[in-house]
Amino acid sequence: MTEPFVSREFVGKRRGGAEKASRLPPGQYLTEDFPVLSAGPTPRLDLKRWSFSIEGLVKEKVSWAWDDFLKLPAQNYTVDISCVTKWTHLDMQWRGVSVDTLLEHAELDRKAAFVTAFTHDGYTTNLPIADILNGRAFVAYQYDGSPLAPEHGGPARLVVPHLYFWKSAKWVAGLRFMEKDQRGFWESAGYHNHADPWKEERYS
Amino acid sequence: MRQPLDWQIATVKSIKPETEKIKTFTLTLPNWTRPRAGQHYDVRLSAEDGYVAQRSYSIASPPEQAGEVALTIERIEDGEVSTYMHDVLIPGDRIELRGPIGGYFVWEAGLLPEPLVLIAGGSGVVPLMSMIRHRAAAGSMVPTRLLYSSRNREDVIYYDELQSLRGDGLEIFHTLTRSQPAGWTGYARRIDDTMVKEVIAPFGKTMQVFICGPTLMVESTAESLLKLGVAPAQIRTERFGASGTAKGG
Ligand SMILES: Cc1cc2nc3c(=O)[nH]c(=O)nc-3n(C[C@H](O)[C@H](O)[C@H](O)COP(=O)(O)OP(=O)(O)OC[C@H]3O[C@@H](n4cnc5c(N)ncnc54)[C@H](O)[C@@H]3O)c2cc1C
């Protein structure tokens, strides 16, 4: 191996101290902001027409209207979020419904191995089901104690904190369970299929 | 895809001040891959003890500029990477890069025949400049309109080059939101519905729009376009993440 490359005179800001730095995946930097990333305009969704569905390889499709969704048991979550554009925001506070809770209302086919999260504006992202079960994902409708703003995916977005944030589909409309994996929007545009920030799975 | 995404060590060929806070860095790459206009590179800085910082920077140069890439970078007060680029880098220095990256916010002459509408706020003009340079280099005559919002005349990046590229179907509309020089004939306010309407008027409803800039500007401009009946699928947006003019991107 050759000597590792050193940028002349670079020291770096090293913000936040050792504890925070240890929670920062490789190549990420800390921010206190909540930056916005989306490929197109922000859709304004009418709550009266909003729905969330679980479909595909389930015995029977289930759908919730907004009012019914709010009646589902919800939890508060404090999680670290990393975006592929390199920011990491520690201790983000959300409120929403665990995917496990949603799946209590549906019977998954044994063949279901992958899931596509689809949205009200036609975006998709794909995940192996293990990445959304056992408390690893939730559908959030509050951020920092307030209703989730449209530019951040409101009224509701999927949140999968342990993967890069594009997997946390904004304006989520449902989960479709499938036997085979099917690449979503960014996954088809050169981004990594799995997206674990600790393995720096940014691009494919 | 794999090869261009390995880190490589580029060399700083030249550094050109564009405005008080903005410089263009031209870097030569040992392993150059032809980019698509609108893509970006990742820059990685490493300290002696292994500490690293990475940021993304849009490609300003056209894909036709073989073997090198130009990045136009705004100096963000107290920023980690942009201050290093501005305050430390000199020609001959080496710097780690990987790319080109990004497959959606891209425009290729000949592939998208629709008239092109480019809307920029501040340093958000960078990836759009790559598209404009590419359009010129490829000899494309696609009707194109750039609406470019800056604070003051001194903050406009690429002003002279944009002037010289006018014609051949390219029209440029500047708006200055803070102060305007005497005799200024361009717009003098933030981008709003009326401005967007005037700029897209000749194109009817069929066009390809690229918007890049601070989040609020991108949000409100996209909103104006939707109100004017432009389909969401025709609008592509990019924000630059946490940084001064591109705050909260
Ligand atoms: C796809 C893409 C393309 C881009 N293209 C360009 C481009 O062409 N040109 C360009 O100039 N930029 C571009 N950017 C933005 C660029 O990546 C950087 O975000 C920008 O240069 C700022 O980085 P920095 O390291 O200088 O500042 P940072 O260190 O990231 O800081 C940014 C600001 O936040 C403050 N800050 C950050 N963290 C903390 C903290 N923990 N505590 C207190 N304050 C904090 C800093 O003081 C500073 O004001 C692009 C971004 C993306 C995602």
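A: A salt bridge here is a side-chain nitrogen of Lys or Arg within 4 Å of a carboxyl oxygen of Asp or Glu. By that rule, the structure holds 31 salt bridges over all chains. Keep in mind that this is a predicted model: local features need pLDDT of at least 70, side-chain atom pairs count only at pLDDT 80 or more, and totals for chains, interfaces and linings use all residues. Side-chain values use heavy atoms, with hydrogens and water left out, residues are numbered from 1 along each chain as its sequence is written, and chains are lettered from A and ligands numbered from 1 in the order in which they are written.

Q: How many salt bridges are there between chain A and chain B?
A: Seven salt bridges. One of them pairs A:Glu200 with B:Arg98, where the closest N and O atoms are 3.7 Å apart. In another, the side chains of A:Arg44 and B:Glu223 meet at 3.6 Å, N to O.

Q: Where do A:Arg44 and B:Glu223 lie?
A: A:Arg44 is in the loop between E1 and strand E2 (51-56) of chain A, and B:Glu223 is in helix H5 (residues 215-227) of chain B, so the pair joins two chains. Helices (H or I, at least four residues) and strands (E, at least two) are DSSP runs, numbered from the N terminus.

Q: How many residues does the contact take from chain A and chain B?
A: With contact meaning heavy atoms within 4.5 Å, chain A gives 36 residues and chain B gives 49. The two chains bury about 3,500 Å² between them, 53% of it on carbon and sulfur atoms. Buried area is the accessible area (1.4 Å probe) that two parts lose on being put together, summed over both. On chain A's side, A:Phe5, A:Arg8 and A:Phe10 supply 22% of the area buried against chain B, more than any other three residues.

Q: And polar contacts across it?
A: There are 17 residue pairs in polar contact between chain A and chain B, both at pLDDT 80 or more. A polar contact is a pair of N or O atoms within 3.5 Å; within protein, one must be able to donate a hydrogen and the other to accept it, and residues adjacent in sequence count only if both atoms are side-chain atoms.

Q: Switching to the ligand: where does it lie?
A: Between chains A and B. Of the 24 residues around the ligand, B:Ser56, B:Tyr57, B:Glu80, B:Val81 and B:Ser82 come nearest. A residue counts as near if one of its heavy atoms lies within 4 Å.

Q: Which element gives the most to the shell around the ligand?
A: E4(B), with four residues.

Q: Last topic: where are the cis peptide bonds?
A: One joins A:Gly154 and A:Pro155, with omega about 15°. A:Pro155 lies in the loop between strand E9 (146-147) and strand E10 (157-159) of chain A. Another joins B:Gly99 and B:Pro100, with omega about 0°, and B:Pro100 is in strand E6 (residues 94-101) of chain B.
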